[in-house]
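I opened the notebook to look up a few places in this structure. My notes follow in the order in which I looked.

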Amino acid sequence: MIEELDMHILDLVQNAMTAKSSMIEVTVARDTANDILTLRIRDDGRGMDEQTRHLVERGFHSTKCPKCVGLGIPLLRETAEHCDGTFSLASRAGEGTTVTATFRASHIDLPPFGNLEATFLDIIATSGQTRIRIEYRDDERSFELDTQQIREMLGDVPLQHPEVIRFLHAFLADRIGGAHEA
Amino acid sequence: MKLEDLRKIRERASKDLNLRKGDARVRIVVGMGTSGIAAGARDVLAAFLDEIAKRDLTDVVVTQTGGRGLASSEPVVEIHVREKPIVVYGNVDRDRVGRIITEHVVNGQAIEEFVIEVREP
């Protein structure tokens with residue numbers, strides 16, 4: 001159903017938005033020496049109690065919409081474990097949620113990043129009042145992007161001003177252009 | 001290329017008389033629930049942002065929602081034009097994004113063949 005790793009990032013960020021987070025941290029780190037790819041999405045939203053966390057992990061539980069089936073988290077877990085990785089969902093009611101998935105970077109079945117630049121652009125441009133921090137690392141490149149920093153520089157100019165979108169496009173292409181192969 | 005370049009954009013854009021005040025004329029809502037994402041909502045949202053950048057649209061905003069599921073017609077997009085009924089399009093892809101922007105957002109003509117729902121705001 002979800003065939004690309006960056007789709008999971010979007011899904012988890014959407015979960016964090018739904019949980020009314022004021023800050024969401026997205027980390028993508030590829031460590032070739034240790035053959036590990038890590039995805040982590042941490043938020044300070046409303047979090048879950050232990051019972052809800054169990055329901056979410058089991059699947060078919062969602063509060064996003066009446067027709068949502070609640071399979072995002074179980075699918076990510078299945079992919080991580082299938083790729084010799086780990087999965088953890090840590091949450092506390094009122095404090096936030098952290099989802100961490102790791103994968104063996106060289107695993108033959110590891111899904112690709114379909115379009116990480118578009119994923120980050122989508123997240124930043126539609127962040128609204130939520131602060132987003134993105135951290136990306138691989139062997140050659142690393143960058144951090146914080147919407148609070150961007151907003152400070154932009155003042156009243158909206159994140160979706162055409163010039164800002166063009167800038168973010170160019171910035172992301174410069175930092176992670178070609179980083180689509182997982 | 002540095003993040004500080006954004007300050008120059010701010011100086012230029014602040015002088016722009018078209019800089020929107022308050023609500024945008026058109027709001028585009030992309031369904032980003034799990035099934036929407038799986039069906040291609042990432043590229044649809046990015047395509048709308050591309051069109052805004054390419055056509056210099058300063059009166060259009062794109063937002064996302066996880067709260068609407070129409071799994072059989074994903075990706076789903078709503079077009080909210082001020083004081084007009086909300087038009088919902090289904091099975092949106094990059095090509096359809098281009099047509100929606102040209103025909104509906106810019107020229108005000110909904111594209112009937114892609115419409116799956118119309119409702120009052």
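**Entry 1: a loop residue in chain A.** I started with A:Ile108, which sits in the loop between strand E4 (96-104) and H4 of chain A. The model is a predicted one. Is A:Ile108 buried or exposed? I counted 6 other C-beta atoms within 10 Å, so A:Ile108 is exposed; the cut-off for exposed is 12 or fewer. I also looked up A:Cys83. A:Ile108 and A:Cys83 are 25 residues apart in sequence, and their C-alpha atoms are 8.0 Å apart in space.

**Entry 2: the contact between the chains.** How many residues does each chain give to the contact? I found 41 residues from chain A and 35 residues from chain B. On the side of chain A that touches chain B, the elements giving two or more residues are helix H1 (5-18), helix H4 (116-125), helix H5 (147-154) and H6 of chain A. H6(A) gives the most to that side, with 10 residues. By class, the residues on this side of chain A are 21 nonpolar, 12 polar and 8 charged.

**Entry 3: one helix pair across the contact.** I then followed helix H6 (residues 162-176) of chain A to helix H1 (residues 5-15) of chain B. Their axes come within 10 Å and cross at roughly 165 degrees. Angles over 145 degrees count as roughly antiparallel, and therefore H6(A) and H1(B) are roughly antiparallel to each other. The crossing of H6(A) past H1(B) is right-handed. Which residues make the contact? From H6(A) I noted A:Glu163, A:Val164 and A:Phe167. From H1(B) I noted B:Asp5, B:Leu6, B:Ile9, B:Arg12 and B:Ala13. This contact of H6(A) with H1(B) has 5 nonpolar, no polar and 3 charged residues.

**Entry 4: a helix pair within chain B.** Next I took helix H3 (residues 41-55) and helix H4 (residues 94-106) of chain B. They pack at an angle of about 40 degrees, and their axes are 9 Å apart. The crossing of H3(B) and H4(B) is right-handed. On the H3(B) side I listed B:Asp43, B:Val44, B:Ala47, B:Phe48 and B:Glu51. They meet B:Arg94, B:Val97, B:Gly98 and B:Ile101 in H4(B). I sorted the contact of H3(B) with H4(B) by class: 5 nonpolar, 1 polar and 3 charged residues.

**Entry 5: the sheet of chain B.** In what order do the 5 strands of the open sheet run? I read E2-E1-E3-E4-E5 in chain B, with mixed pairing. Strand E2 (60-65) and strand E5 (115-119) of chain B are the edge strands, and each pairs on one side only. From one strand to the next, the twist averages 20 degrees. H4(B) packs on this sheet and touches E1, E2, strand E3 (77-81) and strand E4 (86-89) of chain B. The direction of H4(B) makes about 15 degrees with that of E3(B).

**Entry 6: the pairings of one strand.** I finished with strand E1 (residues 26-31) of chain B. E1(B) and E2(B) run parallel and are joined by 6 bridges. Here B:Val30 stands opposite B:Gln64 in E2(B). B:Gly31 has B:Thr65 in E2(B) as its bridge partner. E1(B) and E3(B) run antiparallel, joined by 5 bridges. For B:Arg27, the bridge partner in E3(B) is B:His80.

Methods. Residues are numbered from 1 along each chain as its sequence is written. Chains are lettered from A and ligands numbered from 1 in the order in which they are written. This is a predicted model: local features need pLDDT of at least 70, side-chain atom pairs count only at pLDDT 80 or more; totals for chains, interfaces and linings use all residues. Axes are lines fitted to C-alpha atoms, for helices over the stretch in contact, and angles run from 0 to 180 degrees between N-to-C directions. Helices (H or I, at least four residues) and strands (E, at least two) are DSSP runs, numbered from the N terminus. Angles under 35 degrees count as roughly parallel, over 145 as roughly antiparallel, 65 to 115 as roughly perpendicular and the rest as oblique. A crossing is left-handed if the near helix is turned anticlockwise from the far one by less than a right angle, and right-handed if clockwise. Two residues are in contact if their C-beta atoms, placed from the backbone, lie within 7 Å. Ala, Val, Leu, Ile, Met, Phe, Trp, Tyr, Cys and Pro count as nonpolar, Asp, Glu, Lys and Arg as charged, and the others, Gly among them, as polar. A residue is buried if 20 or more other C-beta atoms lie within 10 Å of its own, exposed if 12 or fewer, and partly exposed in between; C-beta atoms are placed from the backbone. Two strands pair if DSSP finds at least two bridges between them.
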